[in-house]
Each structure stands twice: as C-alpha cells, then as structure tokens.
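Hi everyone, thanks for coming. Let me put the structure up, and then I'll walk you through it.

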Amino acid sequence: MTAVASTSTMHASISGGSSLHQAVDQLSTSASSGFHVLQHRDRFQERALRDVTMSSNDSAMMMDPNNPILVREEMESQKDYFRRLKFTYLEQEAKRHFLSSIMGDEPQRVEPGENEERELINTEKKAALKTTKSSIEEMRSMTVKLAEENAKKHVEMSQRLSEAQALQKQIRDMELELARIKATHPPENRMTTAQANDTLEAQIGEMERLTDAISSTQSETDTTREEVSRVAKEVQRLGRDREREEARAKEVREGREAGDTKVDEICRWYTSSMTFYRSLLGIKSVKAISDNELHLEYDVPGGPVTLVLEFDELTKRFADARLIGNDMDISESVGIAAGANDVPGLVADVLLRLRPA
C-alpha cells in the first residue's frame, strides 16, 4: 500500500519540478524499505528457532532461518524425531520389563482406565497436531504466495523507480539547459513573435529560391552533360582528322626532302590570298589573347576599331562580343549571333554599321 501511495503521489506531482524530485525520493525510500518484510523477519525467525527440535547444524531452519519454505522440511524433521522418541521409549520399556523379570521385581501395573485416558489424551493431541499442521500448511502456502507477490511488486517497483529516476535526470538536464539558454539569450535579445514569423517567411522564400536555383542548375547540368558528350565526340573526330593531317604533313616533309616544292607553292598562295582578303576586308590584325578570346582589328572611317569575340570555355560556342575604340551599341546583334552561333553574320553586321554606304 505504501508503494501504491508513493506512485500516486509521483503522478500527481509530476507537473512541478521540486514535487517530482520529492516523489522520486519517496519512491526510492519505499523501494529500499521493502513491503514491511523486515519488520516481521525477527518475529518469524524467533518463532521458527523456538520450534526447532534439533539444535545441531543439521536442522534446515538453523541453516537458513529466514526462509519460510523450509518449514515443511522442519516439520518432517519433527515427525522423524517423534518416531525415534517413540522407538526409544519402547526400547526402554522393554529393558525395564526384562530387568524386572530377571530381578524378580513386580513391574508397574497399568491401572484400569489409564490406557483409555491416555488414548483420549493422544486423540486430543493428534487432533491439535493435525489442526496445527493444517494451519502451518496454510501459513506456508500464504507465505509462498505473498513472497511471489512481493517479488513481482519489487520488480515492478524497481522498474518504475528506474523510469522515475531517468525522468528525473532528464528533467534536471532540461532545467539546466533552459537555465543556460536563458543566460545565453536574455529577454532583451529575444525575438518577438512577429520577428520570428518574418524570419520564417524570409527563410521559406530563400528555400523556394534555392529550390528553383537547384532545378535550373539541374537543367543546365543536363544540357552541359549533353554538350560535353557532343564535344567529346567532336574531339574524337578531330583526333582522327589530326592523325590524318599529321600523316599528310609527314608525306609533305618526305616530299620536300625528295625535292617536291608543290606544297610550298600552295602555302605561299594561301598566305598571299589571306593577305589579300585581309586587305580587302580591312582587317589590320588578328590576335588570339587566350583560348577563349579573339581580337579582330579593322580599319574603318574614324580610326581603327577592335572587335573582341569571346567563346564559351567548355562548348567553344560564341558567347559575347564588344567593341574597343567605338561606342556603338551592338548588344542586339550579339544576342542574335550568340543564339545562332553565327560569328560571320555578327562580323558582317558590325562592319556594315561601321562602314555606312
């Protein structure tokens, strides 16, 4: 009953931190004190030892007086003791009759009615003994039942105590964490509900923007992957062309060494043709600033103008263009040329605008 009351007190005071700690401490005290078994142990031990028939170490109750289950064994020992006592009595009585017959003394005679009286006394004692045996058996059964119930209650109480102690530890940790948070973030530095809602909305907007960016980036990644695959195929094709051109160059070197000047004449013709076309188109110089940037300098009215062409680093497609030495807006033409990858069209359009008829 004390354990149940302490459990009810714990559940009733769980809302308060200090009340919960007191309930857990009370539960621990109740669990440690047991179910009042210790208060009756001394009485049981005293009565059990008082009824022991043998004072030697062979008695089960002498070896373990705290075990009520040994009462049956002690009872069997008592019965054996009385059987041996009866045998000793009969033996002594036979010796007395034998000595009386040898010595000639008259044995003690049994008076009339004495046996009947003894039979009645024995009957009463047997009935009392049977009643005592029954009560002892009932007490033993009740003791075993109570011991099993107390063991179950003790296990249940231990589990509840462990859970309560774990909850108590968690609550104390939470209290310490809450105190630390309050100390770290004083009330004047805390956010209001409106500020928290604004921050939440801003974070939601940022998450949506990042989601859109991820989607667009994924699309760009797919496009780039396709473009990389296409460029890889183009590189493979150019590799074959390179091998073919290297083979031709090797043949040209071998022909030059053999005295064949046809290739040199073709090269001079190509060089003169390029010079002629450059002068015809008004190109003063062509410079490759980097792998992705090309400068074309033109001679136009009003002074030389440089057209800067920029190409994508991965795809090598036309990306952007600008003019150096002239303020003319060519953004529209650049956009059209970038979409169609039409560099010659852009050059023609820019030169047409720089050289009006």
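So, to begin: how many strands form the open sheet, and in what order? There are 4 of them, in the order β1-β2-β3-β4, and the pairing is antiparallel. Before going on, please keep in mind that this is a predicted model, in which local features need pLDDT of at least 70, side-chain atom pairs count only at pLDDT 80 or more, and totals for chains, interfaces and linings use all residues. Residues are numbered from 1 along each chain as its sequence is written, and side-chain values use heavy atoms, with hydrogens and water left out.

A word on terms. Helices (H or I, at least four residues) and strands (E, at least two) are DSSP runs, numbered from the N terminus. Two strands count as paired if DSSP finds at least two bridges between them.

Angles here run from 0 to 180 degrees between N-to-C directions, with axes fitted as lines to C-alpha atoms, for helices over the stretch in contact.

Let's go through the pairs. β1 and β2 are joined by 6 antiparallel bridges, with Val-286 opposite Leu-296 in β2. These two strands form a hairpin with 2 residues between them. Next, β2 (residues 293–300) and β3 (residues 303–311) pair over 8 bridges, again antiparallel, and Val-300 has Gly-303 in β3 as its bridge partner. Finally, β3 and β4 pair in the antiparallel sense over 6 bridges, and Leu-309 stands opposite Ala-321 in β4.

The hairpin of β3 and β4 has 6 residues between its strands. Which residue in that turn has a positive phi? That is Lys-316, at about 65°, and Lys-316 is not a glycine. At 47% relative accessibility, Lys-316 is partly exposed. For the cut-offs: buried means under 20% relative accessible area, exposed over 50%, and partly exposed in between (1.4 Å probe, protein chains only). Asn-341, in the loop between α9 and α10, is another non-glycine residue with a positive phi, of about 55°. Asn-341 is partly exposed too, at 32%.

Now, what packs on this sheet? Helix α10 (residues 343–354) does, touching β2, β3 and β4, and its direction makes about 160° with that of β3. Contact, by the way, means heavy atoms within 4.5 Å.

Which residues of α10 are buried? They are Val-343, Leu-346, Val-347, Val-350, Leu-351 and Leu-354. These residues cover an arc of only 125° around the axis, which puts them on the same side of α10; the arc is that of the directions from the helix axis to the C-beta atoms. Pro-344 and Leu-352, on the other side of α10, are exposed. The cover over the buried residues includes β2, β3, β4 and α9.

That brings us to the largest nonpolar core, which has 19 residues. A nonpolar core is a set of buried Ala, Val, Leu, Ile, Met, Phe, Trp, Tyr and Cys residues joined through side-chain atoms within 4.5 Å. Tyr-298, Leu-307, Leu-309, Phe-318, Ala-321 and Leu-346 touch the most other members. The elements giving two or more residues are β2, β3, β4, α9 (331–340) and α10, and α10 gives the most, with 6 residues.

From α9, have a look at Ser-333. Is Ser-333 buried or exposed? At 14% relative accessibility, Ser-333 counts as buried. Not counting residues up to four places away in sequence, Ser-333 touches Leu-346, Asp-349 and Arg-353.

The 71 residues of α6 (residues 114–184) should span 105 Å at 1.5 Å a residue, and the end C-alpha atoms are 100 Å apart, which agrees. That expected span is 1.5 Å times one less than the number of residues. The buried residues of α6 are Arg-140, Met-157, Leu-161, Ala-164 and Gln-168. In helix α7 (residues 193–257) we find Arg-230, which is partly exposed at 40%. Arg-230 and Thr-315 are 85 residues apart in sequence, with their C-alpha atoms 8.9 Å apart in space.
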